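Work through the exercises below with the model open beside you. Try each task before reading its solution.

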Amino acid sequence: MPVKKSKTIWMNGKFVKWDDAKIHVLSHVVHYGSSWFEGIRCYDTKKGSAIFQLRPHLQRLYDSTKIYHTEIPYKMNELEKVIIKLIKSNNLKSCYIRPVVYRGYGEMGLNPLNNPVEVAIAVWEWKAYLGEESIKNGINAGISSWQRLAPNTIPTMSKAGGNYLSSQLIKIEALENGFAEGIALDAYGNVSEGSGENIFIVKNGKVYTPSIADAILPGITRSAVIRILKDEGIDVIETTIPREILMIANEVFMTGTAAEITPVCCINHQKIDNGKPGPITKLVQEKFYNIVRNGEDPYGWLTFID
Ligand SMILES: Cc1ncc(COP(=O)(O)O)c(C=O)c1O
């Protein structure tokens, strides 16, 4: 999806022109994947522009860097203010927000700790990632031949740039096989997640999602969905899930900042139930879109920018 240019990007404490937000080719991040980032959304709700789950996203960014012994040289409330200012000064009502922290130019070698910690935040207009049609009718997904990262290799709780080499292989393979998205298994062959989404499975009225020990990114949308379901009196079980449950599920859906709540109607060419989004998926969509589109926010998940 092409990036729609905005006017300014915030970089290391300054608002710079979009085209001037550049880094040196010998920056550590370019060679060794040493970056950590977030994907956040600002919605044009009926009650005004509002960012969904700003604090939890920023908290995950600080957690992601901490795992790599990296300290962000700004306070969380400073970055919060920058994000709001960026959205306003770029005249955006709804947008995607991309904070990124990376190890910059300095030494060359594997030890990152002597390289500067740089921070940039960009915002730009963005539509549905997998398309409006996908949110309404669901997508075809395929089980990837690429498994997610094994425990004690690369930590999946950190949203690090380098982790997305795995996601890229999953996504490329899915598209080459004619699927909109790939579902990856973990190192033990149990269900993990999509290339950029968490996964939920409905079976006999209960909802299952892989646990944080199943090589997933702990999604912010995932947490929101778990809360919504529990408040509806529906059991959500975070557990290890064998892949064959995907073949006999009543409903499957994926969640993420980009994908929002996307039903999965078919996996490896086999229909999920009747191949249409099911009642629990629709209920979650209704509750979620009531928050981000209508601005009805019983949980305090929205940060209104005015
Ligand atoms: C690998 C991966 N899993 C899950 C998610 C969903 O996370 P969130 O709901 O926080 O966007 C993302 C998106 O950031 C992701 O990249």
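The exercises that follow concern a predicted model.

**Exercise 1. Overall form**

Task: State how many helices and strands the protein has, and decide how its radius of gyration compares with the globule rule.

Solution: 
- Step 1. The protein contains eight helices and 17 strands.
- Step 2. Its radius of gyration is 19 Å, and the globule rule gives 19 Å for 306 residues, so the protein is as compact as a globular protein of that length.
- Step 3. The C-alpha trace spans about 55 × 45 × 30 Å along the principal axes.
- Step 4. Of the 306 residues, 42% are buried.
- Step 5. Among contacts with a separation of 6 or more, 70% come from residues 24 or more positions apart.

**Exercise 2. Helix H8**

Task: Find which residues of H8 are buried, and work out how they are arranged around the helix axis.

Solution: 
- Step 1. H8 covers residues 279-292, which is 14 residues. From first C-alpha to last it reaches 20 Å, close to the 20 Å expected at 1.5 Å a residue.
- Step 2. The buried residues of H8 are Thr281, Val284, Ile291 and Val292.
- Step 3. Seen down the axis of H8, the buried residues fall within an arc of 95 degrees, so they line one face of the helix.
- Step 4. An α-helix has 3.6 residues a turn, so residues three or four places apart point the same way.
- Step 5. Pro279 and Glu286 are exposed, on the other side of H8.
- Step 6. The partners that the buried residues of H8 pack against include strand E4 (40-45), helix H6 (220-231) and strand E15 (260-267).

**Exercise 3. The shell around the ligand**

Task: Describe the residues that surround the ligand.

Solution: 
- Step 1. The ligand is surrounded by 14 residues, and the closest are Gly219, Ile220, Thr221, Gly256 and Thr257.
- Step 2. H6 and E14 are the elements that give two or more residues to this shell. H6 gives the most, with three residues.
- Step 3. Sorted by class, the shell has two nonpolar, nine polar and three charged residues.

Note on methods. Residues are numbered from 1 along each chain as its sequence is written. This is a predicted model: local features need pLDDT of at least 70, side-chain atom pairs count only at pLDDT 80 or more; totals for chains, interfaces and linings use all residues. Helices (H or I, at least four residues) and strands (E, at least two) are DSSP runs, numbered from the N terminus. The radius of gyration is taken over C-alpha atoms; the globule rule is 2.2 Å times the number of residues to the power 0.38. A residue is buried if 20 or more other C-beta atoms lie within 10 Å of its own, exposed if 12 or fewer, and partly exposed in between; C-beta atoms are placed from the backbone. Two residues are in contact if their C-beta atoms, placed from the backbone, lie within 7 Å. The expected span of a helix is 1.5 Å times one less than its number of residues. The arc is that of the directions from the helix axis to the C-beta atoms. A residue is near a molecule or strand if its C-beta atom, placed from the backbone, lies within 6 Å of it. Ala, Val, Leu, Ile, Met, Phe, Trp, Tyr, Cys and Pro count as nonpolar, Asp, Glu, Lys and Arg as charged, and the others, Gly among them, as polar.
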